[in-house]
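Please follow the paragraphs below alongside the coordinates, beginning with the aromatic side chains and moving on to the ligand and the charged pairs.

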Amino acid sequence: MIRRKILVTGGAGFIGGNFVQFMVNKYPQYDIYNLDLLTYAGDLTKHRDIEDKENYHFVKADIADRDTIISLFEKEKFDYVVHFAAESHVDRSITDPEIFVRTNVMGTQVLLDAAKQIGIAKFVHVSTDEVYGQLDFDPSSFFTEETPLQPNSPYSASKASSDLIVRAYHETYGLPINITRCSNNYGPYHFPEKLIPLTISRVLNDQKIPVYGDGKNIRDWLHVFDHCAAIDLVLHEGISGEVYNVGGHNERTNLEVVQTIIQTLGKSEELIEFVTDRLGHDKRYAIDPTKLEQLGWKPTYTFETGIAQTIQWYLENKEWWESIISGEYQDYFEMQYSLN
Ligand code: NAD
Ligand code: TYD
C-alpha cells in the first residue's frame, strides 16, 4: 500500500470540504492535510464525522503567508497539493476586489514556490469555467480547453491570473501540474449566499428570492460529488501540464433553478423578486467535458437527481446553515440586497 501525504488547501470551504471528506474516506492509506484560514466561508463543523480519523489533519494558515507555508512544506514533505483555497464569490469581488488578488493570485504563487522547493509529484489547481468569460445563448457553443481566457469579473480575472502562474511554473520549472476548470457546483455545505443554497434557505423561511435582471442568465450546474471524483481522477491520471474542463451538460436559467426549488418545496412563485442586475453579469456558461470523459470521468448526477438530493440535505441539516445565516451573514445580506 502506497502512503501519500496530500495537502488540500481550502478544505474548510464548500468544494474543498466535500473533497477532504471524499479523500479521507476513500483512501485510508493517504494522510490528508486540510489547510485553511477559516475566513467567513470556512468552517470545521462539517468535518465532525472525520475529525478523529487518523488520516485527517488540520492546519490553520494563510496561503499568502510565505514563511509559514514554506516551513510547513519543508516539515511535511507533501507528495500532492490540491489547491481550492480562494475568495470565491463574484458579488464580493465586485464590492472589494483587492482580497481576491491577494488570496487567489499571490497565495497561489506562494504555494507554487513551496511545491517547487520540496519537489512534489503533482499540483492540482482547482479553477473555474468563469476564466473563459461568457458565451452567447447559442446552445451549440461550449467552453473547451482551447477557448481563450477572457475573464469579466474581478473574481474570474484573479482565477485566470492564478491559472497562468500555475502554467508558467510548469513551463519554466517543470513543476508537475494540472488545472481543472469546473462549471457551477451545488450540493451539501454550499455556503448560503450562493444562488442555490440561498434560494433553498429563503424558500424554507418564506422569504423573497432575489433574482438578478430577467433571470435568463444560464449556468451549467454540476453536483459537488461529481466534481470531487473528477479531481481525484485528474490527480492520479491527469497528464502533467494539461487543463481539464469539468461539467455535466446541465444548463439551466437562474429562473428555472429557482422555480424548481420552489416547486419541490411546495411554495409559491410569488416569492420570486427580480432585483437590479449584477454588474458585468456573464450571460451563459457551458462546458464541453470531452477531454475529461476520455480520461475516464462520467458524472453520476443529473440536475434533477442532484437538486433533489441537495434540497433533502438542506432539510436534514438546518442546524448547519441556520447557524451561518444568523451570524454576520445578515450584515452581508442587508448590504447586498434591499429585501427582507
Ligand atoms: P469557498 O468560498 O466555499 O471556500 C474557500 C475556502 O478557502 C474557505 O474555507 C476559506 O476559509 C479558504 N480560504 C480563503 N482564503 C484563504 C487563505 N488566504 N488561506 C487559506 N485558506 C483560505 O469556495 P468553493 O466554492 O468551495 O470553491 C473552492 C475552489 O473551487 C475555488 O478555488 C473556486 O475558484 C473553485 N471553483 C468553485 C466553483 C463553485 O461553483 N463554487 C466552481 C468551479 C471552481
Ligand atoms: P452564484 O451562485 O453567485 O455563482 P456564479 O456567479 O459564480 O455563477 O450565482 C449563480 C447565478 O445566479 C448567477 O448568474 C447570478 C445569479 N444570482 C441571482 O440571480 N441572485 C442571487 O441572489 C445570487 C447570489 C445569484
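Tryptophan 313 counts as buried at 12% relative accessibility, where buried means under 20% relative accessible area, exposed over 50% and partly exposed in between, computed with a 1.4 Å probe on protein chains only. Tyrosine 314 is likewise buried, at 1%, and the rings of tryptophan 313 and tyrosine 314 have centres 4.9 Å apart with planes at 75°, so the pair is edge-to-face. Rings of Phe, Tyr and Trp (for Trp the six-membered ring) are paired here if their centres lie within 6.5 Å, and planes under 30 degrees apart count as stacked, over 60 as edge-to-face and the rest as tilted. Tyr189, Trp313, Tyr314 and Trp320 form one aromatic cluster.

The model is predicted, so that local features need pLDDT of at least 70 and side-chain atom pairs count only at pLDDT 80 or more, whereas totals for chains, interfaces and linings use all residues. Residues are numbered from 1 along each chain as its sequence is written, chains are lettered from A and ligands numbered from 1 in the order in which they are written, and side-chain values use heavy atoms, with hydrogens and water left out.

By the ring rule the count comes to 18 aromatic pairs. One of them joins phenylalanine 19 and phenylalanine 84 in a tilted arrangement, 5.3 Å centre to centre and with 50° between the planes. This pair links distant parts of the chain, since phenylalanine 19 lies in helix α1 and phenylalanine 84 in the loop between β4 (80-83) and α3 (90-95), 65 residues apart; helices (H or I, at least four residues) and strands (E, at least two) are DSSP runs numbered from the N terminus. Phenylalanine 19 is buried at 0% relative accessibility, and phenylalanine 84 is buried with a relative accessible area of 10%.

Turning to the ligand, 28 residues surround ligand 1, the closest being Ile15, Asp36, Ser88, Tyr155 and Lys159, where a residue is near a molecule if one of its heavy atoms lies within 4 Å of it. An oxygen atom of ligand 1 lies 3.0 Å from a backbone N or O atom of phenylalanine 14, and a nitrogen atom of ligand 1 is 3.0 Å from a polar backbone atom of isoleucine 63. Taken alone, ligand 1 exposes 840 Å², of which the protein buries 96%, the areas coming from the Shrake-Rupley method with a 1.4 Å probe. Strand β5 gives the most to the shell around ligand 1, with three residues.

What of the charged pairs, and how many salt bridges does the count come to? The count comes to 15 salt bridges, a salt bridge being a side-chain nitrogen of Lys or Arg within 4 Å of a carboxyl oxygen of Asp or Glu. In one of them, the side chains of lysine 26 and aspartate 232 meet at 2.7 Å, N to O. Lysine 26 lies in helix α1 (residues 14-26) and aspartate 232 in helix α7 (residues 224-237), so the pair ties together parts that are 206 residues apart in sequence. Lysine 26 is partly exposed, with a relative accessible area of 46%, whereas aspartate 232 is buried at 4%.

Glutamate 251 forms a salt bridge with arginine 284, the closest N and O atoms being 2.8 Å apart. The two residues stand 33 residues apart, glutamate 251 in strand β11 (residues 251-253) and arginine 284 in the loop between β12 (272-275) and α9. Glutamate 251 is partly exposed at 23%, while arginine 284 is buried at 1%.

Conventions. Polar contact = N/O pair within 3.5 Å; in protein donor to acceptor, adjacent residues only side chain to side chain.
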